[in-house]
Amino acid sequence: MTRPTAMLLLFALIGALATATAAQTPSPEGQTFNFPWPPDWVARGKYQKMVLKGITGFNPGQWDVHACGTLPDCLMPASPQFNGLVYHNPVNPDEIVCDLCESWTVSRDGKTYTFRLRQAQWHDGQPVTAEDIKFSLDRITEPGAIRVRTGVLRSFYEYQSAQVIDDRTIRVPIKFASPLFIENLASEYMKMYPKHVARNLSPEDAQKPGKLIGSGPWKLKEFKPNISIEYVRNTNYFKKGVPYFDGMSFTIVRDYNRRLAAMQVGQAHTTEGPTIGTYGNEDPMRMQRETKGRVRAIYIPEAVETYLVLHMNKPPFQDPRVRRAVFLAVDRHELTKIVRCADTFGCFGSVGTFLPNKGGHVIESPEDLAQAKGWRRPKDQDLAEAKALMAAAGHANGFKATLNLGNIPLVVKSGEVLAEQLRKSLGIDLTLEPVDRATQTDRIMRGTHHASLDSSGVIILDPADYLNQHFLVVGGQKNPDGWKHPRLTEIIQAQAREPDPAKRLRLFKDAVEILRGGESHVVPLSWGSSGGMMDYRLQNFHVPGSEQIVKHFEHVWWDPEAPLPRN
Amino acid sequence: MARKQEVLAGGETVVGSVVPQTRIESDAPASPWIAVARFARRKPLGAVGGLIVLALVVTALLAPLISPYDPRQIIREADNRVPVYVAPGAAYPMGTDHVGRDIVSRVIHGARISLYVGLGAVLIGVTAWFVVGIVSAYAGRVVDLVVQRVVDAMMAVPGLIIVLAIMAVLGSSLNNVIIAIVIGMLAPVVRTVRSQVLSVKEQEYVVAARAIGARSARIIVRHIMPNCLAIYLILATYYLGFAIILEASLSFLGVGVPPDVPSWGGMLTAAAQGHITKAPWAGIFPGLAIFIVVLGFNLLGDALRDVLEPRLRGARRGLMR
Amino acid sequence: MGKYAIRRTLLFIPTLLVATILVFTLFWIVPGDPALAILAGGEGDTGSVSPEQLQQLRQTLGLDRPLYVQYASWLANVLHGDLGTSLWYKTPVWHQLKDRFLVTMELAVMAIVLAVCAAVPLGVTSAVKQDTGLDYLSRIFSSIGIALPTFWLGILIVYFLAYFFEWLPPLGYATVWDDPLLNVQQLILPALTLAFNDLAFTARVTRSSMLEVMREDYLRTARAKGLVELRVVGRHALKNALLPVLTVSGYQFARLLGGVIIVESIFVVPGMGTLLIDSIIHRDFIVLQAIVLLIAAVVLILNLMIDLAYGVLDPRVRYQ
């Protein structure tokens with residue numbers, strides 16, 4: 001072979017190899033993701049010497065984000081004080097970017113993540129080190145600790161397996177390669193705590209306001225129970241340039257109508273969250289109209305789903321035929337129309353599905369649902385099958401049953417429509433017993449009622465979210481009678497490890513097929529929006545895909561000269 | 001003769017002085033209709049109250065016949081459209097509610113619920129606590145002391161807490177609401193009745209009866225009960241209104257009857273949680289119903305008290321002024 | 001008189017105890033305990049909690065001890081002056097209560113004063129002019145006051161103001177020492193809402209009490225003697241007629257405190273009422289017991305004072 005030919009062959013070989021590598025499957029191997037600070041939007045913001053006034057209907061009781069059970073009265077008040085390792089980009093919330101880290105590198109096999117930290121300090125001035133990160137990861141996955149929302153990390157990260165390489169570098173091995181690790185780590189509940197403070201706090205002390213300090217944009221100034229929560233700007237925040245206010249002050253107003261009235265007359269600039277399921281109706285839009293645009297309505301579509309849980313510890317829902325009958329007979333379209341829509345304002349929700357269409361995956365599309373049993377219209381066929389099932393199960397004339405539900409107006413409305421539909425179509429006479437949250441949960445755990453009406457928000461932007469919430473955990477509130485299906489369990493495990501999006505989609509579709517048998521404990525009813533209101537002068541707020549993310553208020557600023565929107 | 005005055009639900013006082021049975025009998029008119037007519041002429045406001053109560057009873061009895069729709073039925077018009085929050089008009093004289101049910105039907109059936117709750121609470125509550133009050137006053141020191149402490153304690157704790165707890169334990173249903181209201185009535189009714197009986201006890205004729213050796217039971221039945229009957233009647237009318245308002249408050253707090261059951265209080269609550277400005281009719285009509293009915297009971301009770309009490313004091317006096 | 005006073009005062013303690021035991025018992029019958037409320041009973045969306053986690057928290061908080069032990073331990077603390085630490089907020093209860101107590105008392109007192117000041121003239125006029133148009137009007141007015149649920153009135157007021165006047169009282173609260181104007185602004189509306197109901201009752205009591213007294217023999221004598229009607233009313237009738245009003249106000253105060261609970265949440269007044277509702281939702285029985293103790297103590301002391309005053313003013317009562 002002549003020299004030039006050899007060289008040519010060599011180049012071709014290298015070129016082929018390079019192309020081959022580039023054309024490989026999308027899972028990043030040995031890839032690094034860099035997020036230098038500041039990004040472009042920071043310079044556009046304007047600092048104002050003012051206190052952002054917010055309004056909230058919730059009273060925080062817990063301040064330890066790791067142990068948080070609930071969103072509005074635990075995570076939302078505490079979150080502004082802390083940072084996570086990674087988080088959802090506030091200006092592009094579908095994207096996950098670095099928060100405390102500066103960059104991260106994924107190993108070729110996808111099982112090791114190496115994080116490089118920014119130069120940051122805690123509110124007491126101490127630097128943020130890799131030791132703190134390791135401590136926090138271990139605290140989250142601590143065996144035996146109460147970790148209602150963060151427990152999911154245990155399925156990825158082995159307790160104490162993180163390695164501190166140097167002051168600002170940490171290596172985190174995970175149990176199996178999964179696209180969901182980073183997604184879960186970006187959850188607002190996975191905050192980083194200072195080791196030198198947190199390790200000295202007992203779990204009870206950690207729940208007290210002001211005991212745990214963070215690195216975040218806001219410091220807790222004062223919490224007056226039932227009155228207000230006040231924050232002051234962290235002037236030493238490691239992200240230079242933000243936040244854009246001197247402080248934040250959230251007044252606690254328990255009465256819903258009073259909160260609306262307060263926004264209307266301008267006593268507050270923003271609602272809590274700023275979105276929460278409570279405002280997932282036409283009220284923000286109505287406020288926008290009434291104030292001629294001074295109040296801006298914000299909605300996160302498909303944020304919360306209302307569903308029926310059938311208790312299988314006793315008749316009649318012990319019988320899968322009866323469960324299937326209910327699943328078929330419920331008219332989801334009518335229920336959604338009545339509960340989620342308002343004349344002249346439009347609809348703030350859509351028909352319920354088994355899995356959320358999030359993260360770019362559409363599993364249950366409208367076309368798909370138009371053919372599916374339980375969803376298809378007109379409902380004659382489904383109703384006929386449902387009646388036949390009831391008769392086969394010995395309930396041709398229906399039966400009486402009790403429905404356990406919360407006393408939130410939206411849930412009660414859904415219950416009323418559901419009860420009327422089931423009474424008309426199957427002769428099932430449901431007695432609605434709305435109660436407060438604690439009683440409702442107690443009843444679910446004791447199985448005192450025949451069915452419960454509940455709602456869940458989407459936590460991570462992935463269809464797996466609802467699989468995990470409803471079907472992975474056996475026992476507990478969302479699956480009180482431990483319903484399982486062997487193939488479904490397989491699918492849940494498999495999808496967490498599957499890197500190929502097409503194959504994952506297939507797995508999800510299989511899962512939905514199984515669930516549409518109608519024999520599980522979950523009967524989806526309707527999706528609802530999470531809503532909120534903000535003064536039109538607050539800039540740079542970008543609607544996230546779920547109400548559980550983007551909760552720092554570090555990126556919004558006030559522009560007094562912002563033009564009033566046209567309509 | 002002690003005259004510490006006690007207070008009823010309507011704020012009226014009933015004085016402790018009572019006359020013996022015989023004088024009342026001599027005033028009895030020949031026919032009940034004449035008595036009613038006389039009452040109506042002397043006390044026109046009371047007559048209005050009586051008419052309202054009558055209207056309530058008739059509505060409640062005839063509800064299934066006169067109501068255009070089933071109160072729990074979601075109306076489905078042509079092409080499956082559900083009329084949510086439709087303003088009052090030809091099709092729906094009082095409009096529709098937040099899930100598309102006819103408000104006229106719900107208000108009419110609500111009369112049944114209100115009457116059932118009111119009558120149930122009053123018949124059980126006023127009767128039971130009446131007996132307790134009499135026993136407590138008559139049975140002597142120890143029993144009286146204990147009962148009084150319980151009554152005082154119950155009056156000192158905001159009744160709301162007690163009632164909320166009862167409803168939370170029992171669960172929301174019509175009968176449980178009645179139980180809760182009955183317990184809420186304990187303190188005021190027992191207190192009132194007890195002080196009445198105490199004052200009667202000191203009357204000369206009762207002392208005389210005891211002196212000649214009459215047994216306590218006989219004294220209670222022959223002398224005390226008939227006079228207290230008038231008080232019972234007055235208490236009953238006032239507490240009917242009280243029960244209806246309490247049921248509405250329980251619904252507001254979320255522990256009343258199930259939400260799809262057409263109780264006026266429940267409808268008020270749903271309207272309060274919805275939008276008063278957007279659909280004011282959803283709250284106005286049940287609110288008006290509650291108001292009119294309670295007003296009726298109170299006016300009737302007022303008039304009864306005005307008429308019966310002077311008779312209790314002395315035959316001629318009541319006719320003056 | 002002395003014996004009567006001592007007897008009544010001594011009965012105060014057991015009554016107070018009965019009230020707290022009553023509430024404690026009711027609390028534990030209600031489904032859902034503080035641990036459940038903390039982990040999964042918060043409002044809004046919740047995660048899933050396991051029975052083991054619940055049991056763990058219960059042990060930490062001491063909720064798995066027998067009920068009488070918990071009550072006794074609470075009582076022991078109270079007798080030492082310690083009202084305990086809130087299970088939900090984890091801050092000392094007294095810390096929260098002391099400010100709120102004053103706010104609620106201020107609101108209640110304002111309401112009663114407003115009510116009585118309006119009710120007494122109304123009732124007296126109504127009695128003096130019995131069965132005339134004025135009487136009918138005032139009776140209908142007071143019937144409205146009784147027949148209108150308090151919460152309904154409160155909601156209507158808030159809507160009226162927001163929609164027609166675009167004004168609402170400011171959200172932050174100020175005590176009457178710091179900023180009297182702001183304080184009055186905040187409290188005047190809830191006080192009026194509460195007063196409306198109380199006014200109706202008190203007016204009726206005044207009316208019937210006046211009617212009673214005006215029929216009395218000694219007044220007939222006064223009239224027979226030729227005294228001017230106004231003098232009759234003013235000097236003789238009014239004094240005696242007002243005694244029952246005093247008693248009634250004592251009972252009304254207790255009922256008013258119940259109404260305060262609802263009104264405080266509608267008008268955003270940071271008093272004990274909002275804390276009470278909160279403690280029920282969060283099953284925070286430490287706070288609940290403390291509030292009940294305080295309210296019961298206030299009501300019982302007030303009624304005690306009224307009873308004693310009545311004993312002084314009307315000698316016939318003492319021998320009951």
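The model is a predicted one, in which local features need pLDDT of at least 70 and side-chain atom pairs count only at pLDDT 80 or more, whereas totals for chains, interfaces and linings use all residues. Residues are numbered from 1 along each chain as its sequence is written, chains are lettered from A and ligands numbered from 1 in the order in which they are written, and side-chain values use heavy atoms, with hydrogens and water left out.

On the side of chain A that touches chain B, the elements giving two or more residues are α9 (283-290), α11 (332-340), α14 (409-426) and β18 (429-435) of chain A, where helices (H or I, at least four residues) and strands (E, at least two) are DSSP runs numbered from the N terminus. The most residues on this side, 10, come from α14(A). By class, the side of chain A that touches chain B holds eight nonpolar, three polar and 13 charged residues; here Ala, Val, Leu, Ile, Met, Phe, Trp, Tyr, Cys and Pro count as nonpolar, Asp, Glu, Lys and Arg as charged, and the others, Gly among them, as polar. The contact (heavy atoms within 4.5 Å) takes 24 residues from chain A and 22 residues from chain B. The area buried between chain A and chain B, that is, the accessible area (1.4 Å probe) that two parts lose on being put together, summed over both, is about 2,100 Å², of which carbon and sulfur atoms give 46%. In chain A, the residues that lose the most area to chain B are A:Ile338, A:Glu416 and A:Glu420, which together account for 25% of what that side buries. Four salt bridges are counted between chain A and chain B, the criterion being a side-chain nitrogen of Lys or Arg within 4 Å of a carboxyl oxygen of Asp or Glu. In one such pair, B:Arg76 and A:Glu420, the closest N and O atoms are 2.9 Å apart.

Strand β18 of chain A includes A:Pro434, which is buried, with a relative accessible area of 10%; buried means under 20% relative accessible area, exposed over 50%, and partly exposed in between (1.4 Å probe, protein chains only). Apart from neighbours within four places in sequence, A:Pro434 is in contact with A:Leu405, A:Gly406, A:Asn407 and A:Val412, as well as with B:Ser172, B:Gly254 and B:Pro259.

Between chain C and chain A, about 4,400 Å² is buried, 55% of it on carbon and sulfur atoms, and 50 residues of chain C are in contact with 54 residues of chain A. The rule finds two salt bridges across this interface, and the side chains of C:Arg283 and A:Asp436 meet in a salt bridge at 3.1 Å, N to O. Eight residue pairs in polar contact are counted between chain C and chain A (both at pLDDT 80 or more). The largest share of the side of chain C that touches chain A, six residues, is supplied by α4(C), and the residues of that side divide into 27 nonpolar, 16 polar and seven charged.

Within chain A, eight of the nine residues of helix α16 (residues 464-472) are buried, so this helix is largely enclosed by the rest of the structure. Its buried residues pack against α5 (180-185), β13 (295-310), β19 (451-457), α17 (486-497), α18 (501-515) and β20 (522-535) of chain A.

Chain B has 11 helices and two strands, and 60% of its 321 residues count as buried. Among contacts in chain B between residues at least 6 apart in sequence, 74% join residues at least 24 apart.

Terms used. Polar contact = N/O pair within 3.5 Å; in protein donor to acceptor, adjacent residues only side chain to side chain.
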